[in-house]
Amino acid sequence: MTTTNLAEIAAEQQLLAYNARALEPFLSNFTDDVEVFEFPATLMYQGKATMRERYTLRFADEILHCVIVKRMVMGNIVIDQERVRMTLPEGPGVLEAIVIYEAREDKIAKITFIPGKKTPGEEL
């Protein structure tokens, strides 16, 4: 299997677990030292332990659901244009984002978020 396929499989598996709000299956797609950035290069946090803490809170949101608008894959990079239904500070709504996943073998080692528009009250 090629690196491209492994990267895309990891991105897809983490998406499925995200939408199921299944923490351990979600985390299994990331390296222990995963780095999470806000574009272009601001380190938000590092490590699966911190990711576990953050996503334990996020997965408590009962309306949480992500749809992929568009996906591009090149080598070990997967770029998703996403729409995420979630509880925003203003109430239920949709957050748009571009997320860049960089894989090392079959695990995601780096994530870069490019946050987009937040629309309270919007449905997916």
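Visitor: Which residue in β2 is the bridge partner of V36?

Guide: The bridge partner of V36 in β2 is Y45. This is a predicted model, where local features need pLDDT of at least 70 and side-chain atom pairs count only at pLDDT 80 or more, while totals for chains, interfaces and linings use all residues. Residues are numbered from 1 along each chain as its sequence is written, and side-chain values use heavy atoms, with hydrogens and water left out.

Visitor: And what is the bridge partner of V36 in β6?

Guide: In β6 that partner is I111. Strand β1 (residues 30–38) pairs with β6 (residues 107–120) in the parallel sense over five bridges, whereas four bridges join β1 to β2 (residues 42–46), and these two run antiparallel. Two strands pair if DSSP finds at least two bridges between them, and the elements themselves are DSSP runs numbered from the N terminus (helices H or I, at least four residues; strands E, at least two).

Visitor: How many residues lie between β1 and β2?

Guide: There are three residues between them, and the two strands form a hairpin, with E38 standing opposite T42 of β2.

Visitor: In what order do the six strands of the sheet come?

Guide: The order is β2-β1-β6-β5-β4-β3, in an open sheet with mixed pairing. Strands β2 and β3 (65–74) stand at the edges with a single partner strand each, so one side of each has no neighbour in the sheet. From one strand to the next, the twist averages 25°.

Visitor: Which strands does helix α3 touch?

Guide: Helix α3 (residues 48–58) packs on the sheet and touches β1, β2, β4 (77–88) and β6, and its direction makes about 65° with that of β1. Contact means heavy atoms within 4.5 Å, and axes are lines fitted to C-alpha atoms, for helices over the stretch in contact, with angles from 0 to 180 degrees between N-to-C directions.

Visitor: Switching topic, how many aromatic pairs are there?

Guide: The structure holds seven, where rings of Phe, Tyr and Trp (its six-membered ring) pair if their centres lie within 6.5 Å, and planes under 30 degrees apart count as stacked, over 60 as edge-to-face and the rest as tilted. The rings of Y18 and Y55 have centres 6.4 Å apart and planes at 70°, so this pair is edge-to-face.

Visitor: Is Y18 buried or exposed?

Guide: Y18 is buried, with a relative accessible area of 8%, where buried means under 20%, exposed over 50% and partly exposed in between (1.4 Å probe, protein chains only). Y55, at 7% relative accessibility, also counts as buried.
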